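Open the model in your viewer and keep the sequence panel beside it. This tour goes stop by stop: what to select, then what is there.

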Amino acid sequence: MSRPAAAAAAVTVLAVTASGCVTVHGEREVLPAATKAEAARALKDFTEAYNAAEAAADPAKDAKQVTGPFGAINQAGLKARAERKKDGDELTAPTPLKLDDAKFTIPKQTGWPRWFVADTDSNKDKNGSFRWVMVFTRGGLDQSWEASYLAFVPPAKMPEFKKDKDGFAEPVDVDDAKLAVAPKNLSEEFASYLKDGGETFEDGPYTSSWRTKREEEAEKAGLVTQYIDEPHNSGDFAPVGLRTKNGGALVFFSTRHYEKRTAAEGLNLRIGPDVRALMRGDAKSAVTLESAAAQTALVPPKKGGTTSQVRVLNRVQGLTGAKGE
C-alpha cells in the first residue's frame, strides 16, 4: 500500500522558524486517521483477502487483514472449515463477498492505534435490511489496516456523527465521564448484565430477550447448560467510539463467553461438525463452547446528573474453541 502524504506527515512535521528547525512528532499531533483513498484501499484489500480465505478455507489468507473480536471469529471459523475439509467433509462453496456504497467515517486522532468506520452495502443482505458496519484499525505506519469489529445495522438505526468543518469525526475517550457509561466499562457492565440483569441496557433482542432465551435453555430434559460471561477490554479488543450529534456515542466493544453443556447419564451430546473441528478432548458427557462477541451500542450522554440506558444495536458472536469432557 502506498503511503499517502497525510500518513507521511504523521511521522514528523518540520517547521522552519527564525531560530532554526523545530521537529513536531506526529504521535502528538491531531491528524485524520486515514485519507478516504486509504480507507477505500483498506476495504478493498480486506474484501479480496476475505474472499480468498473463504474460498480456500485457509485462515492464513486473511490473517493480516483481521484482528480483535472479528478476527478471532473469522480465524476460528476458517480453521474449522479447514479441519473439516482435511477430514473429507463436503463444504458448500461460499458466495464471494461484495461491499459497495461505502461511507467512511474518519476521526481525527493522536498516536496509535488509529481507526475508522466503514458503513457498506453487502450482497449478503438481499433485501437491504442491514448494512455491514466495520471498524478498521492500524497499529503503526509499518502495519496494514485490519478489520477489528463487524456489525449488521439497519440503515435507519445508524446515528448521525458529530463532524468538524472538514468532515472528520470526533472519537470519544474510553473514560469519557459525560456518557451514561464510559466505553472502557461497557464490556464489564454487559457481562454483569447477562448474569444478573439490571437497568444499564435497554430491553431488546440482544439484551433482555437473550437473557430470557438462555434461562429457558439452562435446563432442558436431559441437558443442563451453564453460562460464564467475561469482559474483554484490552489490546485489539479494546472499545472504540464516535461522538454522535446528540452528544452521545456509537461504541464498539468486546466480550468473551463460555457455555457448558452437560448431558444426563446415558444420553449422548449432539456435537456439530464445526464444534468438533475446534474441540480439544473427548466430549463424553460435557462440552464447553468458547466464543468471542462484538457489541455495537448507542450510549447516550448523561443528562442533569442522571443516566439513560444503553441501546445495543447489534451483536456478532462466533465460536472460537471447544473443550470436551
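Buried means under 20% relative accessible area, exposed means over 50%, and partly exposed is in between (1.4 Å probe, protein chains only). The model is predicted: local features need pLDDT of at least 70, side-chain atom pairs count only at pLDDT 80 or more, and totals for chains, interfaces and linings use all residues. Residues are numbered from 1 along each chain as its sequence is written, and side-chain values use heavy atoms, with hydrogens and water left out.

**Stop 1: Thr 47**

Select Thr 47. Is Thr 47 buried or exposed? Its relative accessibility is 13%, so Thr 47 counts as buried. Thr 47 sits in helix H2. Helices (H or I, at least four residues) and strands (E, at least two) are DSSP runs, numbered from the N terminus.

Now show the neighbours of Thr 47. Leaving out residues up to four places away in sequence, Thr 47 touches Leu 97 and Leu 99. Contact here means heavy atoms within 4.5 Å. Draw a distance between the C-alpha atoms of Thr 47 and Leu 99: 7.5 Å, for residues 52 apart along the chain. Then look at the side chain of Thr 47, which reaches the backbone oxygen of Leu 43 at 2.8 Å.

**Stop 2: the open sheet**

Select strands E4, E6, E7 and E8. These 4 strands form an open sheet in the order E4-E6-E7-E8, with antiparallel pairing. Strands E4 (99-105) and E8 (146-153) stand at the edges; each has a single partner strand, so one side of each is left without a neighbour in the sheet. From one strand to the next, the twist averages 25°.

Zoom in on E6 (residues 114-122) and E7 (residues 131-138). They pair in the antiparallel sense over 7 bridges. Two strands pair if DSSP finds at least two bridges between them. Find Thr 120: it stands opposite Trp 132 in E7.

**Stop 3: the helices across the sheet**

H2 lies across E4, E6, E7 and E8, at about 140° to E4. Axes are lines fitted to C-alpha atoms, for helices over the stretch in contact, and angles run from 0 to 180 degrees between N-to-C directions.

H3 lies across E7 and E8, at about 90° to E8. How do H2 and H3 meet? Their axes come within 9 Å and cross at roughly 30°. H2 and H3 are therefore roughly parallel to each other. Residues making the contact include Phe 46 and Tyr 50 of H2, and Phe 70 and Asn 74 of H3.

**Stop 4: H4 and H5**

Select helix H4 (residues 183-196) and helix H5 (residues 208-217). Their axes come within 9 Å and cross at roughly 45°. H4 and H5 are therefore oblique to each other. Angles under 35 degrees count as roughly parallel, over 145 as roughly antiparallel, 65 to 115 as roughly perpendicular, and the rest as oblique.

**Stop 5: Val 224**

Select Val 224 in strand E10 (residues 223-232). Val 224 is partly exposed, with a relative accessible area of 38%. Not counting residues up to four places away in sequence, Val 224 touches Ala 218, Lys 260, Arg 261 and Thr 262.

**Stop 6: E13, E14 and E15**

Finish at strand E15 (residues 311-324). Strand E13 (residues 279-280) pairs with E15 in the parallel sense over 2 bridges. Arg 280 has Lys 323 as its bridge partner in E15. Strand E14 (residues 286-299) pairs with E15 in the antiparallel sense over 12 bridges. For Val 287, the bridge partner in E15 is Gly 324.

Conventions. A polar contact is a pair of N or O atoms within 3.5 Å; within protein, one must be able to donate a hydrogen and the other to accept it, and residues adjacent in sequence count only if both atoms are side-chain atoms.
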